[in-house]
Amino acid sequence: MKKVEAIIKPFKLDDVREALSAAGITGMTAIEVKGFGRQKGHTELYRGAEYVVDFLPKVKIELVVAEEQLETSVEAITKAARTGKIGDGKIFVTDVTRVVRIRTGEEDEAAI
């Protein structure tokens with residue numbers, strides 16, 4: 001099993017959710033976060049004063065998938081979240097050694 005974490009632009013969340021659903025992925029978690037990468041924020045003008053916005057609003061998506069669904073889920077996220085502009089985000093994939101469904105006690109792939 002693999003955990004897929006994706007940091008994307010907030011307005012792409014619905015597109016990514018729909019793409020994952022169409023790919024057969026049944027569950028995910030979305031969290032509003034702030035951060036920056038190479039773009040290092042930007043400057044804005046407010047009431048005549050210029051200030052730097054260091055942390056930009058992003059959405060972090062987390063999902064755990066079976067090994068067979070990994071490439072499908074990564075491709076779905078990549079295609080749905082891409083705008084072609086700086087700040088599109090990143091995808092991180094890590095190993096998951098154990099999953100337990102609290103309600104039933106099911107474990108591993110049965111618990112996904």
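Let's start with Arg-101, which is partly exposed at a relative accessible area of 26%; here, buried means under 20% relative accessible area, exposed means over 50%, and partly exposed is anything in between (1.4 Å probe, protein chains only). The side chain of Arg-101 meets that of Glu-106 in a salt bridge, 2.8 Å from N to O, and Glu-106 is itself partly exposed at 33%. A salt bridge here is a side-chain nitrogen of Lys or Arg within 4 Å of a carboxyl oxygen of Asp or Glu.

This is a predicted model, so local features need pLDDT of at least 70 and side-chain atom pairs count only at pLDDT 80 or more, while totals for chains, interfaces and linings use all residues. Residues are numbered from 1 along each chain as its sequence is written, and side-chain values use heavy atoms, with hydrogens and water left out.

**Confidence**

- pLDDT is the predictor's confidence in each residue, from 0 to 100; the protein chain has a mean of 90, and 90% of its residues reach 70 or more.

**Helix H2**

- H2 covers residues 70–81, and its twelve residues should span 16 Å at 1.5 Å a residue, which agrees with end C-alpha atoms 16 Å apart. The expected span is 1.5 Å times one less than the number of residues.
- Its buried residues are Leu-70, Ser-73, Val-74, Ala-76, Ile-77, Ala-80 and Ala-81.
- Seen down the axis of H2, these buried residues fall within an arc of 160°, so they line one face of the helix. The arc is taken from the directions from the helix axis to the C-beta atoms.
- An α-helix has 3.6 residues a turn, so residues three or four places apart point the same way.
- Glu-71 and Lys-79 sit on the other side of H2 and are exposed.
- The cover over the buried residues of H2 includes strand S1 (2–8), helix H1 (13–22), strand S5 (56–65) and S6.

**The nonpolar core**

- The largest nonpolar core has 16 residues, and Ile-8, Val-16, Leu-20, Ile-61, Leu-63 and Ile-77 touch the most other members. Such a core is a set of buried Ala, Val, Leu, Ile, Met, Phe, Trp, Tyr and Cys residues joined through side-chain atoms within 4.5 Å.
- S1, H1, S5 and H2 each give two or more residues to this core, and the largest share, six residues, comes from H2.
- Leaving aside neighbours within four places in sequence, Ile-8 is in contact (heavy atoms within 4.5 Å) with residues including Leu-13, Val-16, Ile-61 and Ala-81.

- The structure holds ten salt bridges.
- Glu-5 and Lys-60 pair up at 3.0 Å, N to O. Glu-5 lies in S1 and Lys-60 in S5, so the pair ties together parts that are 55 residues apart in sequence.
- Glu-5 is buried at 16%, whereas Lys-60 is partly exposed at 22%.
- Lys-3, Glu-5, Lys-60 and Glu-62 are linked in a network of salt bridges.
- Glu-107 also bridges to Arg-98, with the closest N and O atoms 3.0 Å apart; Glu-107 is partly exposed at 36% and Arg-98 is exposed at 54%.

Methods
Helices (H or I, at least four residues) and strands (E, at least two) are DSSP runs, numbered from the N terminus.
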